[in-house]
Amino acid sequence: MEKDISIDKLVEKLGLIKASQLPPTEETNKEKLCQNTENTTPPESSALEPSKTSETSSLLQKLRERLGISSNNSPSYVSEKHPLQTSSKLTGGEIISYDTSLCLHFSKIYPHPYSYGEVLLSDALLFSTHEAKISSAGNEIEKFDPEKALFIDTETTSCFGGTGTVAFLVGIGYFVGNDFYLEQFFMRDYDDEPALLKALDERIQNASFFIGYNSKCFDFPLLRNRYRMNRLPFHGETLSHFDLMHVARRFWNRRLSDCSLNTIERFILNTQRRGDIPGALIPRLWLNYIETGNSHYIPRILEHNRQDILALAGLMAWIALRIQIPKGQGFDEILDRCALARLQMKCGHYSDAIETLEDLLQQTDYYPIRTECWKMLSQAYRKMDRIEEREQILLLWAQEDKETTFPHIELAKFYEHQQKQFEQALYWTEQALKIEPQNTQIIKRKKRLLQKMKNTQYLEYPDNP
Amino acid sequence: MNISQIIEQLQNNSSFKQNLTAWKILPAEPAKYEEFPEGLDERLISALSCRGIYRLYTHQAEAVKSAFRGENLCIVTPTASGKTFCYNLPVLQSILKNPNSRALYIFPTKALSQDQVHELKELNDTLNLGIKTYTFDGDTPTTARQAIRSAGQIVVTNPDMLHTGILPHHTIWIHLFENLKYIVIDEIHYYRGVLGSHLTNILRRLKRISAFYNSKPQFICCSATIANPKELAEKLIEAPVTLIDRNGAPRSEKHFLFYNPPVIDTELGIRKSSTKEATRIASQLLSKDIQTILFARSRLQVEIVTTYLKDMARRMNISDQRVCGYRGGYLPTERRAIEEGLRKGEILSVVSTNALELGIDIGSLDACIMVGYSGSISSTWQQAGRAGRRQGTSLVILVASSSPLDQFIINHPEYFFGQNAESATLDPNNLYILTSHLKCSAFELPFVEGEVFGIDTHSTRTILEFLQEQRILHKVKEQWHWSAESYPAQDISLRTAAPGNVVILDSQNHGRVIGEVDYFSAPSEIYENAIYMHQSETYTIEHLDLEDRKAYARSVETDYYTDAELKVDLGVINICEKKEEPLHTCVWGEIKVTWLPTIYKKIKFGTHENVGWGEIHLPEQTMHTLGYWMELSESLIQKAKIPVENLSDALVSFVNALRQVAPVQVLCDPSDIRAHAMLKAPLSQKPTLFLYERYPGGVGFSEKIFHQHYDLIQGGLSLLENCPCKNGCPSCVGPAIEVGHSGKQQALQLARVLAQSKKEWNKLLNNSF
């Protein structure tokens, strides 16, 4: 079985570090090194033979002792192999080269019409600037062209990042006409990396949009690290970056417990992968592969990566289709429609938002959603300066909602400042006070209103004492 | 009244003077100046002139010139000699010349780095240079990090952050590493032992990364006075270093007094409490408006002295706000306020642990009182350096406690003044530290066949192959790549303290945070019912939640404080070296220490009498460290004529005496070494005496003692023979109440037999040749 002892565990086991183990380089103080156990071998033997080998092998011996492994215990795998021999088993791949480095390249075309779960992949081409703006809540993207989009997913040697993490497999997907092209670059060992990076960068140069899942925090910085580590140019910085995980969060963070791609596939796209390798196992499997040459699991890793990329395009298609339908009716779930309205608000698409919200209010009597809808709706009307409609909305809301003071106070403000109808304002203030009798802000408002009313009365009837 | 008048008064005060064992006057030294070095940027010169600086002290000029020549330097100057100019000038110059140029400042603690940035910002503002200086440590908000990485021209950090946060992510620090011109390491004397070994290895990693980005930074190190600053600097950076140690800053006249509290019980040899005597002297200075710093030996002592001094201040109608404690565990804002108060002169007396020994900027004070000897010559000078303005006179008083080391120092002032400061040692090629960092380094950049990390090609390859065998690295085409899923730097902690402190919350005041205690100390400081003191306010601990790292305290009025007693147990893990000696065996190796706080004593303020006790219910704690021990043979016990029933007392007495001598012998802090005696050690079943190191992992004192084994016995013997007490006192084996009435006598017998048998043995050996 796999023997996996790390120095950390050793250090943990031992408590900590032992001081003064090694002699300084100049004075070859042999005794110290040899006398580490119970009684001492006579110092002469080692002092006679001050060769570097005895020194360092005893050093190694020491490390081994600490780990509790005997020196003749050979490693559990044969290291004298090269995956080149086994690479033939990885069917469908071709070798591409850069300088002295070679890597494997796989490509596959998913011709139109190809369905991913319930969606048609090519519907992702409907995802244009408008959809991009909505799903990025108005920021990030100026212009979007799905034909220039590059879907990217990496498989890495660890989930931590940092300079010691390598992307051993990078998959990219893009549309050519209505067909979906998927290419993968795979490292058979660490020295394949330059070839992989070079080939990837060529594809990147032809694209304008970098699309991934959690790619802003993970894939992209990791790739940038890899290019810097290899001193190779990286054109990824020139692409606009569109992270679908952020999009998913904007739509579903209230509905789903997490927004992992897996969860999205299951609950949004209604698909489930069969025989998929859990992502968490992938680093270990590749590391095993480079050590043992056993490529048994590699095709499944490749498949996992392809599925990830298809899911990205599928998700985009799913969203594009639904945003296109007016009044948010493309979305079945009330919560999703509410999320859409929020995004429309953030983008400043107020009339779209009003349509979505008014429709939504007719669909649901779930109180928290209604409150949010009313609130957004009143904001939307205000932004559009549709004052009367806003008043209507607030009145409807106030009539219905006896739990929050918000509509009452908004009405009070409206009548006080815009309409100068103090009595109306006073009425709504008192309504608000019924809900929150202790609220000092409201009490203050009432006082002020009463004062104002007194003043105007005085002005109107100057003769009255 | 000024300080000179106070000194004059003391000179005429015979009752004070009769307790003095030394009155040393260190003469004033005038400033030595030099013109601005050639090549110094005009903008810097004119900016300095605006601040009224028209020339430099000689050491500053020397440092700048040496830096311009491209040398690595180590600057050794006392506190307040303007050492920051020594590195800031070359760094600022390089940035003025090329705004892309970058510098990295490394300080041992977060507090120091904040202080430094504060100072640099001030300099920057007055010079109007627009140089971007940022601290990058655990407290830096994520939002600011991006800007620091790309735009920070001077990045100030600490070894821990460099280790876990910067080096493993060097690709995002590309702007820093590509243009790294200077690395400044301040307070290098702090990096001794394990921490120093870590730092050397971190610098090895840093240099590998710099080389990858084609930069070759120059190092500027600063150190307090130690015996071997150049050697230490060269060991840390592993390159030749130019030493700059001729201080050009002026020095005021300094009076250094050794004060031994008078004996109040001649029979028992009991002296007046050093705490009280020091407080009394400090209160007199306080009443004369003399700004004074008191250095106490422990956090508890800081609080006790603060309490007493505040009390005296009130009695003299001085606001007790002018007296302050300062120690680890105070909140950062609180500390900043105290530092500020000291600089402004609003605070007259500050009582501190060695936290203020390092270069935190509090300005210079008039007087310094040390409550007990700090245990090290260099830190004593460092503390003394806190007193002494550029002009005038300053006063330093060392008040000895009754501890044997204190009594030795106070009675041998010539020893102190004649002795060199301690040397700092570190072992960068400690196998475990080296291997740990080699792992981190492989994570950062693959290793190429033939590369050297630390020792030489061969051993580097051996370790790499070892890591390969463990499947942590993978070799292909002459390169070793990191091939594990983990992030190695995270698992390697540079310091011994467990991560995270225990915070103390005021349960009456909406859970306001009062202070914090490090995780290891929590069970012996903030157990339930303990009295926790903070700025001399007393709180009782209601509940300690070690898991959540919280303790709940309630403010109370008490007239006592608490002190915990620990039950300590020892086990041997691994024997490193062992030698058979006549009648005994001595060994050093790795040991496991477990300790358990069992009871606490309530001790009354003022009289220090014991007024009660309680039990502590907490889980035990474990530490792995290095230890030295002596296994005594049956015949030794017989020869020393120790009856079985007295053996326990005899062993405790003897080990206590040895523990007194050992710190002097290996030049470490007395608190670095602990002692323990066992009637039957678990492994050998023999009576055994242990001396062990207080730090997890150990730093190598045990090995040193092992090799000076007979010096230790000889030292113990002469301590026992020369101590004037009858049945034992705190200066030798401990008070008779603790070690029994025959303890001292029997310890003496043991020591004599051991020393005697060695002599006979040697004679025998000589005769046989």
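**A tour of chains A and B**

Select residues 65-88 of chain A: pLDDT (the predictor's confidence in each residue, from 0 to 100) stays under 50 there, and the model gives this stretch 21 contacts beyond four places in sequence. A contact means two C-beta atoms, placed from the backbone, within 7 Å. This is a predicted model, in which local features need pLDDT of at least 70 and side-chain atom pairs count only at 80 or more, while totals for chains, interfaces and linings use all residues. Residues are numbered from 1 along each chain as its sequence is written, with chains lettered from A and ligands numbered from 1 in the order written.

Colour chain A by confidence next. Its mean pLDDT is 79, with 78% of residues at 70 or more. The lowest mean, 32, falls in helix α2 (residues 30-34), and the highest, 96, in strand β6 (residues 167-176). Helices (H or I, at least four residues) and strands (E, at least two) are DSSP runs numbered from the N terminus.

Now show A:L150, A:F151, A:I211, A:L244, A:L312, A:A313 and A:M316, which touch the most other members of the largest nonpolar core, a set of 107 residues. Such a core joins buried Ala, Val, Leu, Ile, Met, Phe, Trp, Tyr and Cys residues through C-beta atoms within 7 Å; buried means 20 or more other C-beta atoms within 10 Å of the residue's own, placed from the backbone. Helix α12 (residues 298-324) of chain A supplies the largest share of this core, 15 residues.

Centre on A:L244: among the residues it touches are A:I211, A:Y213 and A:L315.

Move to chain B, which has 27 helices and 32 strands. Buried residues form 52% of its 769 residues.

Note on methods: Buried ≥ 20, exposed ≤ 12 C-beta atoms within 10 Å, placed from the backbone.
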